[in-house]
Amino acid sequence: MVFVHVYILNVMALLLYVYYTSESAHSPTDSGALPPSGQGAAPPQGQHLSPPAPSPEPVSKQQHDTVLGRLRRLEGIKVGHRQKVDLVPNKIHYLKTLSLKPLLFEIANFLSEEECKLVIHLAKLKGLQESQIMPSDIQQEAIDEMDISKEEIFNLLDYNQDGQLQMKEVLTHTRFGDGVWITPENIREIYTGLEADPDGNGLLSLEEFKQLNTNAFQTYLRQRGVQKTELVRNSKHTWLYQGEGAHQILRAIRRRVIRLTQLPPEIVEHSEPLQVVKYDQGGHYHAHHDSGPIYAETSCFHTKLVANGSTPLETSCRYVTVLFYLNNVSGGGETAFPVADNRTYDELSLIQNDVDLRDTRRNCDQANLLVKPLQGTALFWYNYLSDGEGWVGEQDEYSLHGGCVVTKGTKWIANNWINIDPDVQRQIQFQQAVSKYTHEEAPAEWAVDNIYKDLHVEL
Ligand SMILES: [Ca+2]
Ligand SMILES: [Ca+2]
């Protein structure tokens, strides 16, 4: 039910945006729902909503140093730069900078062929599950329970405030969570099927919008039947435990990731297990962020147990992604970074006329950066910027990426995410709590699969 959660999260984020902009004393003539200037492009997924939250009691640099250390962050220098890294004895690896926004590196031969084969083998033994199940009506019910008027939603969507919803404004709205991926053709199909646009001008007025259910688009498509290729992601995955007692190769990969990222071993050791993903021919994953934006109210899945009270906004707090290619793919399956090193990031400009740059079934060829899968190669990038104090800062929106459609053969990858709470106090409390249970019987709620239960980790 992650998608329900993510959907609500985004609606909440939009509402919070209204709240923050209303609070920030613009002139009373401001609508409150729009950013103060520029393109009028309030990011639909709520990025830019508010500055990252200052910790209630800011932790001094000294405290960082004594408890977890300041987080090392590698330097990219410039695109194409190569630096030696010491990962395994008697072997030289090079870290090649692929982009600075996001800070992204490629490491050839990070895994040996045997290691790749073994990870695939272990994943098969474990069994893989569909990464995305068909959406259900639960989402609609959840939204119905929220007290948001149609006018409010319309105003939030109508970024250019012209009283009409353009195609791209509708498309960004439909990108919440793991639902059906909606294309411009779908929108036209839905307008016709639901007679949603009786004046036929291709735009939705407030009156036309009011006639639709909040989730009318998804509901319509589900009722007409949805193929797996029409979902946000079309793959199977499983999780492999990497902690103490795990297979020696999985342990070795974790240690190598620690050397690569130079992040505190205790943080890496208590991050998510290894996710192994299989894309069959025709599989894809449209462009997305691995972890969400951070607002004052945001909490992380992994530190929820130590956080005081619950908050409506949660995300996985994946500071770093390390992605491994486990095989050579016969056709397609590149990793696309549509806006890598773009001058600006603007969610709405990702959709131009009928071309949606996030669509990895159609538009990978227009991505700023494409990485071809090559067995053993690892990609490593930061999903968050630095806060300037040696800790996790704002989300790096440029880390938007997706898996291009596999046109021939099968694609196997694995992901290691390193989870760090942007609130250093909470991360410290989390580390203290988990280390307490390292050598004794942990209460059930501290089992790895429980800490990461919101990510559906089953070990
Ligand atoms: Ca508009
Ligand atoms: Ca119309």
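**Figure 1. Overview of the protein chain and its contacts.** In the protein chain, residues 24 or more positions apart account for 79% of the contacts that have a separation of 6 or more. The coordinates shown here and in the following views belong to a predicted model. The protein chain has 13 helices and 24 strands, and 43% of its 459 residues count as buried.

Figure 2. Strand β3, which spans residues 104-107, is covered on both faces. Leu104 and Glu106 lie on one side of the strand and Phe105 and Ile107 on the other, and all of these residues are buried. In a regular strand, side chains alternate between the two faces of the sheet. Strand β2 (residues 93-99) pairs with β3 in the antiparallel sense over four bridges, and Lys96 has Glu106 as its bridge partner in β3. The two strands β2 and β3 form a hairpin, with four residues between them. Strand β3 also pairs in the antiparallel sense with strand β19 (residues 378-382), again over four bridges, and in this pairing Phe105 stands opposite Phe380 of β19.

**Figure 3. Close-up of the open sheet of five strands.** The strands of this open sheet follow the order β7-β10-β22-β15-β18, and their pairing is antiparallel. Strands β7 (233-234) and β18 (369-371) stand at the edges, where each has a single partner strand, so one side of each is left without a neighbour in the sheet. Within the sheet, strand β10 (residues 284-288) pairs with strand β22 (residues 401-403) in the antiparallel sense over two bridges. Tyr285 has Gly403 as its bridge partner in β22.

**Figure 4. Close-up of the crossing of helices α7 and α9.** The axes of helix α7 (residues 184-194) and helix α9 (residues 216-224) come within 10 Å and cross at roughly 85 degrees. Angles of 65 to 115 degrees count as roughly perpendicular, and α7 and α9 are therefore roughly perpendicular to each other. On the side of α7, the contact is made by Asn186, Ile190, Gly193 and Leu194, while α9 contributes Ala216, Phe217, Tyr220 and Leu221. Classified by residue type, the residues of this contact between α7 and α9 divide into six nonpolar and two polar, with no charged residue.

Methods. Residues numbered from 1 in each chain as written. Chains lettered and ligands numbered in written order. Predicted model: local features only at pLDDT ≥ 70, side-chain atom pairs only at ≥ 80, totals over all residues. Pairing = 2+ DSSP bridges. Buried ≥ 20, exposed ≤ 12 C-beta atoms within 10 Å, placed from the backbone. Contact = placed C-beta atoms within 7 Å. Axes fitted to C-alpha atoms, helices over the stretch in contact; angles between N-to-C directions. Parallel < 35°, antiparallel > 145°, perpendicular 65-115°, else oblique. Nonpolar A, V, L, I, M, F, W, Y, C, P; charged D, E, K, R; others polar.
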